[in-house]
Amino acid sequence: VQTCALPILEIVRADVSRQEDVEALLTELGRHGRPLRGVVHAAGVLADATALTLDAERLRVVMGPKVHGAWNLHVLTRELPLDFFVLYASAAGLVGSPGQGGYAAANTFLDALAHHRRGQGLPALSIDWGAFSEVGMAASQADGGARLASRGVRSIHPEEGLAVLERLLESDR
């Protein structure tokens with residue numbers, strides 16, 4: 001009988017928009033002798049507003065987790081030998097969505113950060129996801145799926161999303 005030590009997967013919730021929180025998390029991992037092998041940044045907050053009502057506070061709410069969070073993770077892990085660095089962006093950054101200018105800008109930043117990391121020889125993958133069925137922000141809204149379906153946009157089933165993620169991680173895209 002041969003035994004195999006499986007890598008430890010630990011999911012940790014932290015406010016990645018706060019650099020000191022990310023530093024503390026990385027310090028704690030190091031203290032336990034657990035090397036960080038990858039990052040999946042899946043933070044997101046909506047604060048919809050039309051261009052006429054968009055203000056600094058709404059932008060801060062949306063940009064904090066996505067922009068500051070991704071940047072903190074980038075800066076604080078760029079010297080680590082990561083196998084992957086995945087950014088969950090949104091198709092809203094590519095095609096826009098009414099009232100989501102700040103959200104679209106934050107997701108576009110994630111795409112740009114992935115290009116920046118790849119240019120430095122670092123692992124990076126930014127996925128411009130559509131809405132998921134059953135999980136995520138669109139699913140948590142009472143009419144999220146129906147509203148998108150009325151525009152001809154189909155939701156992604158979670159198992160389908162995992163299969164896509166697996167294929168993307170195995171590729172060099």
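**Salt bridges, helices and buried residues**

Reply: The term denotes a side-chain nitrogen of Lys or Arg within 4 Å of a carboxyl oxygen of Asp or Glu. The model is predicted: local features need pLDDT of at least 70 and side-chain atom pairs count only at pLDDT 80 or more, while totals for chains, interfaces and linings use all residues. Residues are numbered from 1 along each chain as its sequence is written, and side-chain values use heavy atoms, with hydrogens and water left out.

Me: Why are Arg60 and Glu57 separated by about one helical turn?

Reply: An α-helix has 3.6 residues a turn, so residues three or four places apart point the same way. Here, Arg60 and Glu57 are three residues apart in helix H2, and therefore about one helical turn separates them. Helices (H or I, at least four residues) and strands (E, at least two) are DSSP runs, numbered from the N terminus.

Me: How many salt bridges are there by this rule?

Reply: Side chains of opposite charge can pair when their charged atoms come close. The count here comes to five. One of them joins Asp83 to Arg37, with the closest N and O atoms 2.9 Å apart. Asp83 lies in the loop between H2 and E2 and Arg37 in the loop between H1 and E1, so this pair ties together parts 46 residues apart in sequence. Another salt bridge links Arg18 and Asp21, at 3.3 Å between the closest N and O atoms. Arg18, Glu20 and Asp21 are linked in a network of salt bridges.

Me: Is Arg18 buried or exposed, or does it fall in between?

Reply: Buried means under 20% relative accessible area, exposed over 50%, and partly exposed in between (1.4 Å probe, protein chains only). Arg18 counts as partly exposed because its relative accessibility is 38%. Asp21, at 24%, is also partly exposed. Asp111, in contrast, counts as buried at 14%. Of the 173 residues in the chain, 31% are buried.

Me: What does Asp111 touch?

Reply: Contact means heavy atoms within 4.5 Å. Leaving aside residues up to four places away in sequence, Asp111 touches Ala89, Leu94, Ser126 and Asp128. Asp111 is found in helix H4, residues 101-119.

Me: How do the axes of H2 and H4 cross?

Reply: Axes are lines fitted to C-alpha atoms, for helices over the stretch in contact, and angles run from 0 to 180 degrees between N-to-C directions. The axes of H2 and H4 come within 8 Å and cross at roughly 10°. H2 is therefore roughly parallel to H4, the class for angles under 35 degrees; over 145 is roughly antiparallel, 65 to 115 roughly perpendicular and the rest oblique. Among the residues making the contact are Leu59 and Val62 of H2 and Gly102 and Tyr103 of H4.

Me: Where does H2 have a kink?

Reply: The bend at a residue is the angle between axes fitted to the seven residues ending there and the seven starting there. In H2 (residues 56-77), a kink of about 55° lies at Met63, shortly before the proline Pro65.
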